[in-house]
Amino acid sequence: MKKTFLRLGVLLGMGLLVACMGWAQTSAAVPGAAKAPLVIAHVAPTSGRFALHAEADRRGAEMAVEEFNARGGVLGREVVLVARDPTLDKARAAQVAQQLITESKVGFLLGAIDSGVAASMSAVCQQYGVLFINTNSSAPSEAVENAHRSKFSFDANGANFNRALLQYALAQRPGKRVVLLTEDNDWGRSNAAASRAIVAEYGGSVVGEVMVPVALPDPAGALRQVAAMAAEVVAVNVSGSNQIRLFAHIDPAVFEAQSWVVGEVDWEELYPAPGTPRPLYGTTWAWNLDTPGTAQFVARYRERYRHTQRLPYPGDVTHAAYLATKALLTAIERTGSTDNHALIRALEGMRWSARERMQHDDAYMDPQSHHLQQTIYIATWKPRPDRPELSQVILGHLPPAQVRYAPEGGARLEPLAAMPHYAP
């Protein structure tokens with residue numbers, strides 16, 4: 001492992017030429033390795049409100065890479081994972097993607113976390129024909145307006161979550177008035193737009209919307225605005241550490257009087273504040289599922305990261321990044337090639353069994369939108385500050401067909417024939 005970290009530092013600091021020299025000195029990490037390494041860049045914001053998400057995402061990718069390297073790499077090539085911070089600035093993210101492709105000559109990009117960052121970087125990747133594996137950003141726009149032939153999105157999006165949650169919440173209340181509480185960014189606005197259509201579909205009406213800035217300077221003020229609107233359901237699309245700040249100001253009794261739903265809550269938003277109650281929310285996986293493979297995956301994670309203080313259990317972010325990275329490497333193995341055209345065709349037709357996904361239903365890559373269709377879980381949080389890993393309660397799950405976002409059928413991907421070939 002020490003050699004892997006040494007190689008990582010070389011790659012980040014001195015460019016690909018020197019990186020390959022570093023690889024030549026440490027290629028014993030993969031028995032019999034004789035070919036140039038296959039370099040994958042993990043790009044995610046390592047500071048700010050998504051820093052914990054980025055760490056969890058990277059861990060999932062690391063686990064997949066180490067799994068393949070332990071059995072000889074991919075096509076006889078060691079897989080090397082390097083890390084770059086695109087920040088949360090979309091222009092900066094585009095520059096990082098450009099540099100990784102044109103100067104560092106990486107093979108593939110994966111990560112993102114933030115949907116605006118994902119959209120920015122994936123546009124650059126499309127220009128060069130480089131595959132971008134969007135592991136964990138969940139704006140519905142990622143699978144519609146910002147879909148690309150070279151991008152594959154592996155997280156469920158907010159429309160999938162909100163379809164499950166709003167249907168459930170509206171069915172529980174005789175009144176069907178809904179207030180939207182929306183983060184003012186690409187992710188929040190895209191989720192709110194999808195939620196409006198879902199509310200109407202299930203017989204509700206949106207009676208107001210409170211838009212909060214990304215900095216969320218006044219959580220209590222935003223909540224006062226929500227309280228001033230008569231509604232039975234509050235649909236929250238607020239992300240990252242802003243969720244923690246928001247729910248710290250809410251009396252749990254409010255959840256008895258109204259149905260509050262949160263489009264998506266990640267373990268990385270629950271772990272730092274285990275004593276804060278949460279209402280209904282959506283997720284794609286949890287460490288306490290009784291699905292085949294889950295217990296073994298959790299044990300592997302805890303053994304691998306037992307030296308760390310943070311994130312003692314894997315959550316949905318790590319799960320998604322692990323399986324997304326594994327899907328890419330499996331596609332390379334199956335096609336026997338790193339050619340982007342061959343890999344795109346392979347990924348477009350891939351399906352995974354429920355067992356492979358550690359979920360309740362089979363999953364498949366939607367060839368129209370390049371967005372993974374998978375099981376959605378409805379969950380809630382019963383605070384156990386002493387044992388936060390026991391606080392999450394799974395209430396039910398829905399199969400992909402029941403939560404698919406219909407506009408994805410209208411996504412328009414660039415023609416494969418028009419893309420330049422890229423074979424790292």
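Trainee: How do strands S9 and S10 run, and how many bridges join them?
Mentor: S9 (residues 259–262) and S10 (residues 278–283) run parallel, joined by two bridges. Strands here are DSSP runs of E with at least two residues, numbered from the N terminus. Pairing needs at least two DSSP bridges between two strands.

Trainee: What stands opposite Val262?
Mentor: Tyr281 in S10.

Trainee: Where did these coordinates come from?
Mentor: This is a predicted model; local features need pLDDT of at least 70, side-chain atom pairs need 80 or more, and totals for chains, interfaces and linings use all residues. Residues count from 1 along each chain as its sequence is written, and side-chain values use heavy atoms, without hydrogens or water.

Trainee: Back to S10. How does S10 pair with S14?
Mentor: Antiparallel, over four bridges, with S14 covering residues 376–381. Thr283 faces Tyr377 of S14 there.

Trainee: Is S10 buried or exposed?
Mentor: Six of its six residues are buried, so S10 is largely enclosed by the rest of the structure. Buried means under 20% relative accessible area, exposed over 50%, partly exposed in between (1.4 Å probe, protein chains only).

Trainee: What's the strand order in the sheet?
Mentor: S7-S6-S8-S9-S10-S14-S15, an open sheet of seven strands with mixed pairing. S7 (205–212) and S15 are at the edges with a single partner strand each, so one side of each has no neighbour in the sheet.

Trainee: And Leu395, where does that lie?
Mentor: In S15, residues 392–398. Leu395 is partly exposed, at 45% relative accessible area.
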